[in-house]
Amino acid sequence: MKALVLQHIACEPPGVFEDVLRERGADLHRVELDEGDPLPDWREFDAIVAMGGPMSANDDAALPWLSGEKQLISDAVRAGVPYWGVCLGVQLLAASLGARVYPGPEPEVGLLPVSLTGEARSDPVFGEAPHELVTLQWHGDTFDLPEGAVLLASSPAYRNQAFRFERAYGVQFHLEVSPEMAREWAVVPEYVSSLERTLGAEEAPAFLAAIETRAGEMRTLGRALFERWLDRVAI
């Protein structure tokens, strides 16, 4: 498999998803858009993995490369290329399919549960997952569900947490993060600001410690979902 990785900040690589791809001998082409890397021709790839970042999917004026990225995602997904998007990656998927992305009522930050929908029970990727998943949430924007999409997971704060559109999947939450990655996030100004607004500066150390404690559990779940996506959707 030749996989295109769309990355938006150095400290948000695919994590356990990249581990799985490399274990399977995939050829990864990483594009760091925030560093000015050019977008390749999506037709050269068998799958696309799009990760998170501190920017909004609507920041086209400040970050013109976002428009090109969304056009690539739209063209590739509508042509049937398998897609896996995380956090910003799911918002870019929604936007590329014509749905609205916008700020939520308040940031959702923490180790928080999401619940699978009834439709998820028959989904090839989520069907074997537990009904309730413990996830790492760290976002302020949300999105409407694109026309033709199937909602797969929700949380009390944000209804749209995961969806499927044909061979494209997007999740608002993180399951790929190692303790080392989380510690890197703790020094990104945009992430620190979000953390302090929602949890308070005094709670940040406990939050990071909780990530370290439960990272293995979340990565195991993330690996299982991603492997099923590879085996049942991206083949």
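Predicted model: local features only at pLDDT ≥ 70, side-chain atom pairs only at ≥ 80, totals over all residues.
View 1. Residues are numbered from 1 along each chain as its sequence is written, and side-chain values use heavy atoms, with hydrogens and water left out. Helices (H or I, at least four residues) and strands (E, at least two) are DSSP runs numbered from the N terminus. S4 and S9 run parallel and share four bridges; two strands count as paired if DSSP finds at least two bridges between them.

**View 2. Here is S4 with its other partner, S3.** Strand S3 (residues 47–50) also pairs with S4 in the parallel sense, over three bridges. Look for Val49, whose bridge partner in S4 is Trp84. To get from S3 to S4, the chain goes through helix H2 (residues 65–78), making a right-handed β-α-β crossover. Right-handed means that, with the strands pointing away from the viewer, the path from the first strand over the helix to the second runs clockwise.

**View 3. Which side chains of S4 point which way?** Tyr83 and Gly85 point one way, Trp84 and Val86 the other, and all are buried. Buried means under 20% relative accessible area, exposed is over 50%, and partly exposed is in between (1.4 Å probe, protein chains only). In a regular strand, side chains alternate between the two faces of the sheet.

View 4. Most residues other than glycine have a negative phi. Cys87 sits in the loop between strand S4 (83–86) and helix H3 (88–96), and is buried at 5% relative accessible area. Glu166 belongs to the loop between strand S8 (162–165) and strand S9 (168–171).

**View 5. Arg232 of helix H6 (residues 204–232) reaches over to Pro124.** Its side chain comes to 2.9 Å from the backbone oxygen of Pro124, a polar contact (N or O atoms within 3.5 Å, one able to donate a hydrogen and the other to accept it; residues adjacent in sequence count only if both atoms are side-chain atoms). Setting aside residues up to four places away in sequence, Arg232 touches Pro124 and Glu128, where contact means heavy atoms within 4.5 Å. Arg232 is partly exposed, at 41% relative accessible area.
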